[in-house]
Amino acid sequence: MSEGDSAGESIHGKPSTIGAFFTRLGQIYQSWLDKSTPFAVARWAATLLLTLVYMIRVYILQGWYIVTYALGIYHLNLFIAFLSPKVDPSLLDDADEGPALPTKQNEEFRPFIRRLPEFKFWHSATKGIVIAMICTFFEAFNVPVFWPILVMYFIMLFCITMKRQIKHMIKYRYLPFTHGKRTYREQT
């Protein structure tokens with residue numbers, strides 16, 4: 001590698017001011033993400049508030065429906081990845097290839113590991129909303145479309161996708177939602 005080829009370095013091999021600025025900005029951003037990790041309810045509440053602001057903006061401006069449709073498709077893909085197991089049981093032929101979900105009562109319990117963890121789901125969904133919000137400031141993204149068709153198509157796509165996902169969940173007997181450790185009551 002020649003001198004000055006690495007990111008953030010100037011021609012003379014010293015860190016550039018701009019590179020140092022963006023490195024520091026990235027560190028601050030990561031610090032805020034790390035601090036927000038344990039506060040799932042507050043994170044999702046902020047994301048829902050941001051979604052509401054975005055929806056109000058689109059309603060008031062009466063446009064950017066294609067951006068909103070793309071955001072909906074993106075969120076649907078994130079949600080499907082959130083509901084899916086990390087290792088798809090339909091792709092496993094042998095038990096030796098990797099962890100499998102238990103299919104019988106007497107099999108060993110294996111916890112459900114998501115393909116997309118909750119934090120990454122939240123982070124990606126929030127970034128998607130912010131990017132969609134930024135797109136509403138540029139007229140180039142305001143493509144004229146008949147929005148009821150997009151709404152109906154999205155509803156159809158959502159129903160078909162969720163039906164397929166639920167069938168997959170039933171076939172391979174997994175439930176992506178847990179409410180803590182199972183407890184048993186004492187019998188009196």
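**Helices and cysteines**

Guide: Over residues 145-162 the end C-alpha atoms lie 26 Å apart, and the chain there is 89% helix and 0% strand. Helices (H or I, at least four residues) and strands (E, at least two) are DSSP runs, numbered from the N terminus. This is a predicted model, in which local features need pLDDT of at least 70 and side-chain atom pairs count only at pLDDT 80 or more, while totals for chains, interfaces and linings use all residues. Residues are numbered from 1 along each chain as its sequence is written, and side-chain values use heavy atoms, with hydrogens and water left out.

Visitor: Which residues does the UniProt annotation "transmembrane region" cover?

Guide: The unreviewed UniProt entry gives residues 41-60, 66-83 and 145-162. Such annotations may be inferred rather than shown by experiment, and the positions are in the numbering used here, with feature names shortened. Residues 41-60 are 100% helix and 0% strand, with 28 Å between the end C-alpha atoms.

Visitor: Why are H3 and H4 called roughly antiparallel?

Guide: Helix H3 (residues 65-83) packs against helix H4 (residues 118-135) at about 175 degrees, the axes being 10 Å apart. Axes are lines fitted to C-alpha atoms, for helices over the stretch in contact, and angles run from 0 to 180 degrees between N-to-C directions. Angles over 145 degrees count as roughly antiparallel, under 35 as roughly parallel, 65 to 115 as roughly perpendicular and the rest as oblique. H3 and H4 are therefore roughly antiparallel. The residues of this contact comprise 11 nonpolar, 3 polar and 1 charged; Ala, Val, Leu, Ile, Met, Phe, Trp, Tyr, Cys and Pro count as nonpolar, Asp, Glu, Lys and Arg as charged, and the others, Gly among them, as polar.

Visitor: What makes H3 and H5 roughly parallel to each other?

Guide: H3 and helix H5 (residues 147-171) pack at about 5 degrees, with axes 10 Å apart, so the pair is roughly parallel. The contact (heavy atoms within 4.5 Å) includes Tyr65 and Ile66 of H3 and Trp147 and Leu150 of H5. The residues of the contact divide into 15 nonpolar, 3 polar and no charged.

Visitor: Why does Ile131 count as exposed?

Guide: Ile131 lies in helix H4. Its relative accessibility is 52%, so Ile131 is exposed: exposed means over 50% relative accessible area, buried under 20%, partly exposed in between (1.4 Å probe, protein chains only).

Visitor: What makes Cys135 buried, and Cys159 partly exposed?

Guide: Cys135 is buried because its relative accessible area is 15%. Cys159 has 46%, so Cys159 is partly exposed.

Visitor: How many disulfides does a search of the whole structure find?

Guide: The search finds 0 disulfides, a disulfide being a pair of cysteine sulfur atoms within 2.5 Å.
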